[in-house]
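Dear colleague,

Please find below the structure that I am handing over to you.

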Amino acid sequence: MQAAALTTPSGGGPRVLAHPSRDEIRLEDVLHALADPVRLGIVRVLADAEGECSCSVFDAPVSKSTLTHHFRVLREHGVITQTYRGTAKMNALRREDLADRFPGLLDTVLAAARRQAAAGPDAGAGTAAAAATSAS
């Protein structure tokens with residue numbers, strides 16, 4: 001895993017956040033990271049953003065510490081980069097790296113997430129329940 005040196009807000013030594021290199025990004029890790037609804041929501045915001053977003057712009061239905069965990073999973077699995085700008089931790093989608101490793105994956109997942117969100121929170125729930133019932 002590649003480490004990115006970052007400067008601490010206090011002017012101390014560099015802080016290091018691990019980011020996998022492009023070649024280290026694995027499909028199963030990306031799919032795991034995108035499988036959580038909170039993390040998928042973060043990725044949707046970053047995909048729609050013009051550049052980087054600070055952690056403070058995300059309105060998620062979880063505590064601050066849990067949100068921090070979700071950002072860490074996304075970073076460690078190669079979906080986002082995180083860098084410090086002053087005291088703010090800035091987040092950006094690794095769109096080019098993901099497109100290089102898995103062409104079309106991110107756009108397909110984002111399009112499906114948008115369709116699902118437009119259909120409402122219970123969309124597809126009946127179909128999955130029906131399939132599970134008929135399979136037993």
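Apart from its neighbours within four places in sequence, Glu52 is in contact (heavy atoms within 4.5 Å) with Thr83, Arg85, Met90, Asn91 and Ala92. This is a predicted model, in which local features need pLDDT of at least 70 and side-chain atom pairs count only at pLDDT 80 or more, while totals for chains, interfaces and linings use all residues. Residues are numbered from 1 along each chain as its sequence is written, and side-chain values use heavy atoms, with hydrogens and water left out.

Glu52 lies in the loop between helix 2 and strand 3 (53-54); helices (H or I, at least four residues) and strands (E, at least two) are DSSP runs, numbered from the N terminus. Because its relative accessibility is 31%, Glu52 counts as partly exposed (between buried, under 20% relative accessible area, and exposed, over 50%, with a 1.4 Å probe and protein chains only).

The C-alpha atoms of Glu52 and Thr83 are 9.4 Å apart in space, although 31 residues separate the two in sequence. Their side chains make a polar contact of 3.5 Å, and the side chains of Glu52 and Arg85 make one of 3.1 Å. A polar contact is a pair of N or O atoms within 3.5 Å; within protein, one must be able to donate a hydrogen and the other to accept it, and residues adjacent in sequence count only if both atoms are side-chain atoms.

Elsewhere, Leu93 is in contact with Val43, Leu46, Ala47, Val79, Ile80 and Leu106, again leaving aside neighbours within four places in sequence.

With kind regards
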